[in-house]
Amino acid sequence: MSQNTADHIAGSRTRATGTTVRVRYFAAARAAAGTEAETLQLPAVDGPPPTRADVEALLGQLHSQPVTGQPPLAQVLARSSFLLNGVACPEPATEIPDAAVLDVLPPFSGG
């Protein structure tokens, strides 16, 4: 993660340890990200842990260049559902604990 990205997420807050989150992508999210999973190290901050919205913003920045033939990851994230440690996570303000697993589930079609 670049220092600018870290500064963007951290703002003026500091915390002794950062937050690690494993992001797993499924279906169209996997295609848009160009990978099935990645581990992010979010910067240390003073205050509450980062939120799902913080993770989404960081992913949009890290994957700002779309994979050839795919929509930008940020577009896919905007219409996706999320699981946090295996539990539905519908609220962007949900705090992400250290060592969490965040699954990105785009809409599926068919029957």
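Select R52 and E56 to begin: these two residues form a salt bridge in which the closest N and O atoms are 2.7 Å apart. The model on the screen is a predicted one. Both residues belong to helix α3, 4 residues apart, which is about one turn of the helix. Side chains of opposite charge can pair when their charged atoms come close.

Are R52 and E56 buried or exposed? R52 has a relative accessible area of 6% and is therefore buried. E56, at 17%, is also buried because the limit for that class is under 20%.

Keep R52 selected and display its surroundings. Leaving aside residues up to four places away in sequence, R52 touches F82, C89, P90, E91, P92, T94, I96 and L102.

**The second salt bridge**

A search of the whole structure finds 2 salt bridges. For the other pair, select R24 and D103, whose closest N and O atoms are 2.6 Å apart. R24 lies in strand β1 and D103 in strand β5, so this pair ties together parts that are 79 residues apart in sequence. R24 is partly exposed, with a relative accessible area of 35%, whereas D103 is buried at 5%.

**The sheet**

Now colour the strands. In what order do the 5 strands of the open sheet lie? The order is β2-β1-β5-β3-β4, and the pairing is mixed. At the edges are β2 (37-42) and β4, each of which pairs on one side only. Strands of a sheet pair through backbone hydrogen bonds, either parallel or antiparallel.

Both senses can be inspected from β5:

- Select β1 and β5, which pair in the parallel sense over 5 bridges. Within this pairing, R22 has V101 of β5 as its bridge partner.
- Select β3 (residues 81-84) and β5, which run antiparallel and are joined by 4 bridges. Here F82 has V104 of β5 as its bridge partner.

**The nonpolar core**

In soluble globular proteins, nonpolar side chains tend to be buried together. The largest nonpolar core of this model has 21 residues. Which of them touch the most other members? Select V21, V23, Y25, V55, L59 and L73 to see these. At least two residues of the core come from each of β1, α2, β2, α3, α4 (73-78), β3 and β5.

Centre the view on L73. Apart from residues up to four places away in sequence, L73 touches Y25, A29, A32, A33, L59 and H63.

A33 counts as buried because its relative accessibility is 8%. With residues up to four places away in sequence set aside, A33 touches Y25, H63, V67 and L73. The C-alpha atoms of A33 and V67 are 7.0 Å apart, although 34 residues separate the two along the chain.

Finally, select A99, in the loop between β4 (87-88) and β5 (100-105). A99 has a relative accessible area of 60% and is therefore exposed. Not counting residues up to four places away in sequence, A99 touches T20 and N85. A distance of 9.5 Å separates the C-alpha atoms of A99 and T39, which are 60 residues apart along the chain.

Technical notes: Residues numbered from 1 in each chain as written. Predicted model: local features only at pLDDT ≥ 70, side-chain atom pairs only at ≥ 80, totals over all residues. Heavy atoms only, no water. Buried < 20%, exposed > 50% of the residue type's maximum accessible area, 1.4 Å probe, protein only. Contact = heavy atoms within 4.5 Å. Pairing = 2+ DSSP bridges. Core = buried A, V, L, I, M, F, W, Y, C linked by side-chain atoms within 4.5 Å. Salt bridge = Lys/Arg side-chain N within 4 Å of Asp/Glu carboxyl O.
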